[in-house]
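Trainee: Could you walk me through reading a model like this one? I would like to learn the features step by step.

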Amino acid sequence: MSDSTQPYGPNTAAIRAFLVRFAGLGTHDRAAVVAQYAARVNARGYHAAESALATAIERSGREPLQQALSGPLLQLVRRADVPQTTEPTEENALDGLDPVAEPALAALLALLVRDLLDDAQMEQLYGAFSGAIGLSDLPR
């Protein structure tokens with residue numbers, strides 16, 4: 001499915017570019033992303049896009065690639081001011097993570113299957129980042 005040069009499948013270039021740009025986002029940009037995400041996450045269109053995302057990941061067999069994204073994402077969203085003294089559990093999984101973690105995960109997963117989602121679904125899932133990291137600025 002993927003070789004060592006394409007660790008995130010056919011959309012590796014876009015994912016890498018997103019991660020680099022995301023790493024450089026300042027506090028203001030991150031807060032804007034979180035606010036945008038909060039405004040859209042409970043909309044009907046968002047939930048439909050989320051369902052399409054899950055289906056696309058499953059049907060394309062990209063679950064292992066999805067798992068490969070977790071390491072780089074965690075490095076970028078783990079808060080330095082929170083000690084990592086306890087083993088992560090389902091209850092405390094989000095403790096110690098920047099609030100931008102959830103919208104970043106949605107954006108990364110959408111990029112993972114960008115070739116399988118339509119424009120409206122991509123807008124729903126990636127839209128919180130549109131002001132900070134334009135989708136059109138990422139490699140296709």
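Mentor: Happy to! Contact means heavy atoms within 4.5 Å. Among contacts in the chain between residues at least 6 apart in sequence, 73% join residues at least 24 apart. Keep in mind that this is a predicted model, where local features need pLDDT of at least 70, side-chain atom pairs count only at pLDDT 80 or more, and totals for chains, interfaces and linings use all residues. Residues are numbered from 1 along each chain as its sequence is written, and side-chain values use heavy atoms, with hydrogens and water left out.

Trainee: How many helices and strands does the chain have?

Mentor: Helices (H or I, at least four residues) and strands (E, at least two) are DSSP runs, numbered from the N terminus. Here there are six helices and zero strands.

Trainee: Which residues have the most contacts inside the largest nonpolar core?

Mentor: Such a core is a set of buried Ala, Val, Leu, Ile, Met, Phe, Trp, Tyr and Cys residues joined through side-chain atoms within 4.5 Å. This one has 41 residues, and those with the most contacts inside it include Phe18, Leu112 and Tyr126. Helix 5 gives the most to this core, with nine residues. Beyond its neighbours within four places in sequence, Tyr126 touches Phe18, Ala107 and Leu138, among others.

Trainee: Is Ala128 buried or exposed?

Mentor: Buried means under 20% relative accessible area, exposed over 50%, partly exposed in between (1.4 Å probe, protein chains only). Ala128 has 5%, so this residue is buried. Ala128 lies in the segment after helix 6, and its contacts beyond four places in sequence are Val33, Gln36, Tyr37 and Arg40.
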